Amino acid sequence: MLQAERQGEKADDTVPSAVSLEDRIVAFMAAFSSDDIESWEHQNSVPRSVMDRLGSNGLLGAMISKDYGGLEGSALQYGVLCSEIAQMSMSLLSMLTVHSMASEGIRQWGTDEQRAHWLPQLASGALHGAFALTETAFGSEATGLETRLTPVSEGYLLNGEKQWISYAQCADVFLVFAQSGDTSTESLACLVPASSPGLGIEPVDDMMGFKASHLGQLHFNDCLVTPDRVLGKAGMGIPYIASSVLDLGRLSIAWGCVGAMAALIADSVDYSSQRQQFGRPIGEHQLIQRMLANMITQYKASHALCTRAAQLRDASDPRAVMETTVAKYFASTASVTAVNDALQIHGARGFSKSAGRIERFYRDLKVTEIIEGSSEMQQIMIAQNGAGEFRRLGKNYRKKLQT
């Protein structure tokens, strides 16, 4: 893990192109103090200037091709970025995640013209992107979308609502999913600039976690979508584009959980070595050691799963989707367990907003079991897709016995 404590030196607004992605992360983090990060939470807002600084450091284009002004980093490098950002703020991670998901949708499914138009601006931070799939009545059941695209001579008219959209209040363009016909097989993905006539954005400020991530509700009222802003073809929206983009989102959140667990362990080890009870540091008591041992083990297991998922993604291995699902499910549930133990170690101090980041992680990490596919949906996917793998293993074992 990179060291977030290197805060004594301030980063410039731009970073030379030869600087590595890892050094760019350090330069970005050095620009902020722990007080800065806590202020985002108190204000319920990560300033747009923070995302702009991510862009000026090249980090918004971490996985975008150099042809379009990005760093062309690996999925593993992107995972390290997500883990480090999560140590700072899970709200900032959510904003980076949806920006990356919008960029990935264009990278994978856009035309050459769409890539040339949008990706350089998204990579530099000139434009910020967001991902809009969830609706009030439909979340995990994405095929039940009520948002509609109606064909007209100029393209499509978009009508409907999207709920709980990260970065809705600040993003410049949204990757939106809607139905273009009467059946779920006719879903479409489209790009909708925030300035589009007919698009209204309503802030959502009453959430328990991810309080500073600029959540919002999108209202579309005869919002015109021209043909050049449609990604792919009818029917590709949910099963192809949304699925592939959500896979990146799951990888981002999984790595974020890894980073959060690293922060929780560091804080817990430090506190338990200083806090005295019964004449010695509480870290010397076996029940505290048990909690620390579990946290460390869960962190290492989560890190290994995330590393494997990222490496398979870099190798374009079809197993990457399944392994990313496993990593997201395990890391999110492990992080919730870890923050419970960290809070127990810190006692009343852990509940205090002014005494550190445990209270913030306690609220934020629960969200990771819901976003980019709930834990229950991940379990279903793992059981259904993993059954075939172990059925084949069983058959091979029986064959070996017969020979």
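1. The largest pocket holds about 1,000 Å³ of space. Of the 37 residues lining this pocket, T134, I370, I371, E372 and G373 are the closest to its centre. The elements that give two or more residues to the lining are α5 (90-109), β3, α7, α11 (358-367) and α12 (375-402). Helix α7 gives the most, with eight residues. By class, the lining has 20 nonpolar, 12 polar and five charged residues. Here Ala, Val, Leu, Ile, Met, Phe, Trp, Tyr, Cys and Pro count as nonpolar, Asp, Glu, Lys and Arg as charged, and the others, Gly among them, as polar.

2. On the basis of these values: the model is predicted, with local features needing pLDDT of at least 70 and side-chain atom pairs counting only at pLDDT 80 or more, while totals for chains, interfaces and linings use all residues. Residues are numbered from 1 along each chain as its sequence is written, and side-chain values use heavy atoms, with hydrogens and water left out. Helices (H or I, at least four residues) and strands (E, at least two) are DSSP runs, numbered from the N terminus. Pockets and cavities come from a 1 Å grid over the protein atoms alone: a cavity is a set of points where a 1.4 Å probe fits but cannot get out, a pocket is an open set with protein on both sides within 12 Å along at least five of seven lines, and lining residues have an atom within 4 Å of a point. Grid points are joined across faces, edges and corners, and a volume is the space filled by probe spheres set on the points.

3. Three cavities of 30 Å³ or more are present. The largest has about 90 Å³ of space and is lined by L59, L60, G61, A62, M63, I64, Y78, S100, S103, E104, R107 and L248. Helix α5 supplies the largest share of that lining, four residues. Seven of the lining residues are nonpolar, three polar and two charged.

4. The second largest cavity has a volume of about 50 Å³. Its lining consists of N44, Q169, V204, D205, D206, M207, F210, K211, H214 and L215, of which four are nonpolar, three polar and three charged.

5. Buried means under 20% relative accessible area, exposed over 50%, and partly exposed in between (1.4 Å probe, protein chains only).

6. In helix α1 (residues 21-29), the buried residues are L21, R24, I25, V26, F28 and M29. Their cover includes α3 (48-56), α4 (75-88) and α5. Helix α11 is mostly covered, with eight of its 10 residues buried: I358, E359, R360, F361, R363, D364, L365 and V367. These buried residues of α11 pack against α2 (34-42), α4, α5, α7, α9 (320-346) and α10 (348-351).

7. Not counting residues up to four places away in sequence, R313 touches M63, A75, E104, Q108, D247, L248, L251 and A320; contact means heavy atoms within 4.5 Å. A293 is also placed in α8 (residues 286-314), but is partly exposed at 38% relative accessibility. A293 and I265 lie 28 residues apart in sequence and 9.6 Å apart in space, C-alpha to C-alpha.

8. Strand pairing requires at least two DSSP bridges. Strands β2 (residues 148-152) and β3 (residues 155-165) pair antiparallel over five bridges and form a hairpin with two residues between them; V152 stands opposite G155. Strand β3 also runs antiparallel to β7 (residues 216-225), joined by seven bridges, with L157 opposite L224.

9. Strand β1 (residues 129-132) has G129 and F131 pointing one way and A130 and A132 the other, all of them buried. Four bridges join β1 to β4 (residues 173-179) in the parallel sense, and G129 stands opposite V173.
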